[in-house]
Every structure is written in C-alpha cells, then in structure tokens.
Amino acid sequence: MLDLYRLSAAQLAAWLIEHGFAPVHAARLMRYLYRDGVADAAEMTDLPPRLRATIQRDTHLSPLKLMRQTVSADGLTRKFLLGLHDGETIETVLMRYEGRWTACLSSQAGCPLGCVFCATGQAGFRRNLTTGEIVAQAVFVNRTLSKQTRVDTRGQRRESLRNIVMMGMGEPLLNYDAVVAAMDVVCDRAGLAIGGKQITLSTVGVVPGIRRLADERQPCSLAVSLHAANQTDRARLVPAARIWPLDELLDACRYYTTQLGRRILFEWTLIAGQNDSVDHARELASLLQDIPAQVNVIPLNLTSGFDGEPGSHAAREQFSATLHEYGLPVSIRQRRGLDITAGCGQLANA
Ligand code: SAH
Ligand code: SF4
C-alpha cells in the first residue's frame with residue numbers, strides 16, 4: 001500500500017500519470033488530503049470515480065490510529081497517543097498560542113540518545129518514523145482543528161495550524177531524509193502551506209546533520225539543545241556529546257550561521273544546582289560570543305528516571321538577566337501541558 005502523505009505535489013502528479021490519470025487532479029487531491037483532511041477516498045467526490053477507486057485500493061490514508069487524547073485543564077494543550085501500523089506508538093502535541101496552533105511532531109518512536117532528563121531517552125529506541133508518518137501527524141492535528149474551529153466571512157478558518165516544532169519524540173537529524181521530505185510536503189502551497197521558517201527543528205547536536213542542513217539550505221529554523229557550556233558537564237547530561245563533542249558542535253553551528261545568515265536558538269534545560277548559576281550563564285555567554293544566537297531557557301520538567309529539580313523562578317530570572325547583560329537574547333519557554341505530561345521531554349510511548 002502506498003502512503004500518499006509521503007508524496008510532494010510533483011510526486012503526486014507523477015503517480016497520477018503513472019496510473020493513467022491526468023496530472024491536473026493533483027491540486028484537487030492535495031486539497032482533499034491537506035486542507036480538508038479527508039481520510040476516505042469515497043468523500044473525494046470531485047475526483048473521477050476510477051481515481052477514487054484506485055486510491056481506495058492502492059493507498060492508505062490513515063497511517064495513524066488515535067488511541068488516546070488528553071486535554072490540559074486550561075484547554076491550551078492537547079496530547080495524542082497515536083498507534084502505527086506495526087503496533088508502535090508515538091505522541092504528538094498541539095498547543096495554542098493566541099489563536100495560533102503549534103504542532104509538536106515526533107520523528108522517531110523512542111530515541112537512542114539517552115539524555116538523562118528526557119522520558120523519551122529513558123525509554124529507549126524503537127524505530128525511525130517514515131515520511132508519511134511524520135506528515136500524517138500534522139494532517140491529523142490539523143483535522144482536529146478543522147472540525148472545531150469556525151469559519152469567518154472570507155471562508156478562512158479563524159484558527160489554524162501555523163507552526164511546527166520537530167521537538168516531540170526522537171532525534172530528527174538521526175532520521176534526516178524522512179524528516180526533510182516531510183518538511184517539503186507540509187510546506188507545499190497546495191497543501192498545509194506551512195512557511196519554512198515556521199518549522200523549528202530541534203537537535204541534540206548531530207554534527208553531520210547540521211552541516212547537511214546548511215549545505216542544502218533547508219528553510220527550517222534550527223534549535224540546538226546545549227544544556228551545558230563545557231564538554232565534561234555536557235557529556236554527563238547528553239551522552240551524544242561523546243560522539244559529537246562540544247567544539248565540533250560549535251564549529252558546525254558557526255558553519256550553519258555563516259552559510260545561511262541565520263541565527264540559532266540554543267535550548268538550555270535549567271536544572272537546579274547543575275547548570276543554573278550565574279557562573280554557568282557567564283560560561284554560556286562566552287561560549288556563544290561569536291555565534292548569532294538566542295537562548296531559550298526551558299524549566300526542567302519532571303520525569304520518572306531523573307531526580308533533578310527545576311529550581312526557583314528567581315534562579316531562572318537571574319540566569320536570564322546574566323545572559324542579557326552579556327548581550328545575548330534570551331527567552332524562557334512557557335510551561336505547557338504538565339498536567340497531561342505533554343511538556344518538553346515528557347513524551348514516551350506510554
Ligand atoms: N531530540 C531533539 C528534540 C526533542 S526534545 C533534541 O534533543 O533537541 C526537545 C527539547 O526538550 C530539547 O531541548 C530537550 O533537551 C528538552 N528536554 C528533554 N527533556 C526535558 C525535560 N525533562 N525538561 C525540559 N526539557 C527537556
Ligand atoms: Fe533524544 Fe532529544 Fe530526548 Fe535527548 S532530549 S533523548 S536527543 S529526544
């Protein structure tokens with residue numbers, strides 16, 4: 001069975017020609033798949049009956065099965081447990097910020113990199129997701145939005161999916177080809193039409209992947225999970241630092257920013273007593289002094305396999321203020337969905 005969600009508009013047109021249909025149907029099919037979120041070919045009434053039958057026979061349009069949906073008490077965060085065809089499960093999160101929705105997508109079932117504070121890492125690796133499974137997560141959440149949001153007078157949906165963060169389960173740059181192909185599909189103007197810059201890919205620091213993103217001039221924004229500003233501390237929190245040491249990672253980051261003229265968002269999960277002092281902030285500022293950077297401080301979320309503490313509000317403020325003093329732009333990530341364990345690093349194949 002072909003997974004239609006893995007095809008770009010051009011590939012969809014080629015598939016139509018191959019099966020004896022006019023390529024003009026590609027645009028309509030894209031609308032059905034992405035804008036309307038139609039999951040049953042029988043509902044694609046504007047397509048010729050023979051094409052509908054071919055889609056029904058040769059493809060599958062629901063690679064993900066909803067197993068559980070949880071909504072946070074404030075209604076702003078929803079978490080979906082989704083089943084894959086082989087029995088694996090993943091989690092996808094939808095978050096609302098001022099009328100705009102951001103989807104947090106998974107790139108792998110599990111993760112092999114074992115960052116000590118991350119529930120996904122604590123649970124281990126199952127497998128890479130396919131392009132279709134990554135795209136289908138965006139389609140799935142967009143469909144749940146279409147069902148519930150009102151339409152304004154110009155026929156525009158008032159609330160729609162605007163941003164995607166590749167920050168769910170898994171390390172996207174260990175599944176490079178599938179992730180990049182999925183980003184192509186969700187950016188397609190005939191489909192979900194997400195802007196390239198509206199996608200943020202977060203990596204733990206897979207050096208070859210960062211260089212490849214730069215060489216290929218991939219349009220997404222890049223976030224790098226740093227958490228420590230020296231190799232010893234970092235290797236303790238992020239075992240992947242033993243494969244890609246801090247100096248090599250920073251070289252790759254410099255290469256990326258010079259090639260593309262963009263800055264990088266450096267993520268820093270703040271753990272009380274481990275990386276949250278004024279000295280830690282100074283060390284970070286000095287490490288990033290020659291890189292166009294912004295720091296995103298993430299208060300630690302609790303997971304069962306790690307006994308660190310998030311620390312106080314005051315410590316967070318002081319950490320950020322110190323970075324500011326050194327001229328480094330900094331933001332503190334809003335805590336979201338903690339009551340449904342949908343916060344950063346809390347996703348696991350429950
Ligand atoms: N594998 C990628 C993307 C997924 S994790 C990466 O590591 O970057 C997304 C972000 O959540 C990363 O910055 C990660 O370090 C952070 N994170 C993981 N566990 C966390 C936790 N328990 N509390 C807060 N942030 C966490
Ligand atoms: Fe994997 Fe990212 Fe979790 Fe580390 S933080 S274990 S790289 S998902």
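A nitrogen atom of ligand 1 is placed 2.9 Å from a polar backbone atom of G170, a polar contact in the sense of a pair of N or O atoms within 3.5 Å. The model is a predicted one, in which local features need pLDDT of at least 70 and side-chain atom pairs count only at pLDDT 80 or more, while totals for chains, interfaces and linings use all residues. Residues are numbered from 1 along each chain as its sequence is written, chains are lettered from A and ligands numbered from 1 in the order in which they are written, and side-chain values use heavy atoms, with hydrogens and water left out.

An oxygen atom of ligand 1 is 3.3 Å from a polar side-chain atom of E267, and a nitrogen atom of ligand 1 is 3.4 Å from a backbone N or O atom of C344. In total, 20 residues surround ligand 1, the closest being F117, S202, S225, H227 and N301; a residue is counted here if one of its heavy atoms lies within 4 Å of the molecule.

G170 also belongs to the surroundings of ligand 2, together with C111, L113, G114, C115, C118, G121 and V204. By class, this shell has 5 nonpolar, 3 polar and no charged residues, where Ala, Val, Leu, Ile, Met, Phe, Trp, Tyr, Cys and Pro count as nonpolar, Asp, Glu, Lys and Arg as charged, and the others, Gly among them, as polar.

H227, one of the residues closest to ligand 1, has a phi near 65 degrees, a positive value in a residue other than glycine. Most residues other than glycine have a negative phi. H227 sits in the loop between β11 and α8 (231-237); helices (H or I, at least four residues) and strands (E, at least two) are DSSP runs, numbered from the N terminus. R217, likewise not a glycine, has a positive phi of about 50 degrees and is found in the loop between α7 (207-215) and β11 (221-225).

The helix α7 leads on to the packing of helices. The axes of α7 and α9 (residues 246-260) come within 9 Å and cross at roughly 10 degrees, the axes being lines fitted to C-alpha atoms, for helices over the stretch in contact, with angles from 0 to 180 degrees between N-to-C directions. That makes α7 roughly parallel to α9, since angles under 35 degrees count as roughly parallel, over 145 as roughly antiparallel, 65 to 115 as roughly perpendicular and the rest as oblique. By class, the contact of α7 with α9 has 9 nonpolar, 1 polar and 4 charged residues.

Helices α5 (residues 131-148) and α6 (residues 176-187) have axes that come within 8 Å and cross at roughly 40 degrees; the two are therefore oblique to each other. Their crossing is right-handed, meaning that the near helix is turned clockwise from the far one by less than a right angle. T131, I134, V135 and A138 in α5 meet residues of α6 including A178, V179 and V186. By class, the contact of α5 with α6 has 9 nonpolar, 1 polar and no charged residues.

Conventions: Contact means heavy atoms within 4.5 Å. A polar contact is a pair of N or O atoms within 3.5 Å; within protein, one must be able to donate a hydrogen and the other to accept it, and residues adjacent in sequence count only if both atoms are side-chain atoms.
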